[in-house]
Amino acid sequence: MPSRREFLIISAGSLLAIGAPGFAKDAITPARNAIAVTQVAGDGIRLAAVAVEYDTPLKNAQLSADSFRVAGRTVTGVFTSTSADPVDKAEAGRFVIVTLSPTDDNALLAEKVQPENANRTQPSTGSGPGNAGDVPPYDTVYRRPQASIVQSNALTMSNGHTLPASQFALETTQVKNPVVDEFQSLEFHDPKTGKMLRYNLFVPKGYDKKQAWPLVLFMHDAGATSDVTRTTLYQGLGAVVWASPQDQARRPCFVLAPQYAEIIADDNSQTSSMLDTTIDLIRVLSAQYNIDQKRLYTTGQSGGCMMSIAMDIKYPDFFAASFLVAGQWDPTLVKPLAHQKLWILVSQDDNKAWPGQNAITARLEKEGAKISRATWNGTWSAEEFRAAFDKMAAEGSPINYVTFRKGTVIPPGQTTEGASGHRNTWRIAYTIEPVREWLFRQHR
């Protein structure tokens, strides 16, 4: 009988290159191949574009959205690039990037499965996913990104030659996962706990051991519990946003994204042994690389947020600051957080995290903590978030508690209860750049 991991790979696979025929050997069409390009957004990974590689460069000005058709998808734009990565957009290049609508029904690649041979465990009490240490009866897998593309209009190459429109479909034969591909997928065997932890590690491109570098730890929620290492990178922006070219240019750092195969924190304010194993992993990485012990940061969503809280309680001097997204904890246990630096973000539609954080912050104030509070609108533009952040940050409080106004982070047709409130909070949370900036300004 296959293992749980083998079942997942057999049933849905991971993001791999797909072999397929080319442009039907059309001699007058010098397209070398087509590459499926993915993009991670707040709600998960999508097939976002197709990159078509030609032998001869094309000019951007000679392309339009109707130059190509992609089966079952809506083309939103076409431009030239010097590589299969859309960030390398240029006035001319051998790659044509065909962007696809993120709202297409089949754009998202995630699929929930329930392996027949999984060790099913029941939630302890309430509506939580289970007890800390449980292996849940579900998992999320990701369809192979693939596309079939047709050059529907004639194209003029930079050398003046014209490529006529083609009736032949070119199938993608490779996959490009920008940012995600920059992470190493590794395993840590903890000699202290005897546990094995899969993890993803981003090492900054300009890493120089002569200087100390900050590290951001991101921990996923219970819905991403899996033994497929890259699941946490595919689920949303919580890990990959810190490793994006834009963030690395402004705030170069290591990014650590563990992949937990068990529930790490539960609604009874208990954690699994992965808490200590994760701390041990950071210590080992700090010995391997020159990681600045005064600039360690933790963040996480839902269960990952609760694990961050538990770490801050058990190891109050370990992290310089924490970004806590959509989580709660027993307020009688949180006294060690009173003198830490926290940015807390929840939705008023979240019937666990909102009352939970209200109780936590009330308790911290009794312990002498200075806390700034604000209510934001989840539909704001980047400029509006920046203005609201600046107003709040001007108060200079070490703890900042933000709630999204009721109804502003829930897409139409979705429930406002429980985990859905979590999910829609973190779709937005990691896109708010000034909060990411705030985290990096904190030092221990």
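Which residues is Tyr430 in contact with, leaving aside its neighbours within four places in sequence? Contact here means heavy atoms within 4.5 Å. The list is Phe218, Leu237, Gly238, Val241, Trp242, Thr299, Gly300, Gln301, Phe323, Val325 and Arg436.

Before going on, the basis. This is a predicted model, in which local features need pLDDT of at least 70 and side-chain atom pairs count only at pLDDT 80 or more, while totals for chains, interfaces and linings use all residues. Residues are numbered from 1 along each chain as its sequence is written, and side-chain values use heavy atoms, with hydrogens and water left out.

The protein has 10 helices and 20 strands. These are DSSP runs numbered from the N terminus: H or I of at least four residues for helices, E of at least two for strands. Of the 444 residues, 56% are buried, meaning under 20% relative accessible area with a 1.4 Å probe, protein chains only; exposed is over 50%, and partly exposed is in between.

Back to Tyr430. Together with Tyr54 and Trp376, Tyr430 touches the most other members of the largest nonpolar core, which has 70 residues. Such a core is a set of buried Ala, Val, Leu, Ile, Met, Phe, Trp, Tyr and Cys residues joined through side-chain atoms within 4.5 Å. Strand β2, residues 44-59, gives the most to this core, with six residues. Another core lies apart from it, with 47 residues, including Leu217 and Phe254.

Now the sheet. Nine strands form an open sheet with mixed pairing, in the order β12-β13-β15-β14-β16-β17-β18-β20-β19. Two strands pair if DSSP finds at least two bridges between them. The edge strands, β12 (184-189) and β19 (371-376), each pair on one side only. From one strand to the next, the twist averages 20°; axes are lines fitted to C-alpha atoms, for helices over the stretch in contact, and angles run from 0 to 180 degrees between N-to-C directions.

Two helices deserve mention. Helix α5 (residues 274-288) packs on the sheet, its direction making about 45° with that of β13. Helix α10 (residues 433-441) lies across strands including β14, β16 and β20, and runs at about 150° to β17.

Last, Asn400, which sits in strand β20. Is Asn400 buried or exposed? Asn400 counts as buried because its relative accessibility is 1%. Its side chain reaches the backbone oxygen of Ser397 at 3.1 Å. Beyond its neighbours within four places in sequence, Asn400 is in contact with Leu342, Trp343, Ile344, Ser372, Met392 and Trp438.

Definitions and conventions
Polar contact = N/O pair within 3.5 Å; in protein donor to acceptor, adjacent residues only side chain to side chain.
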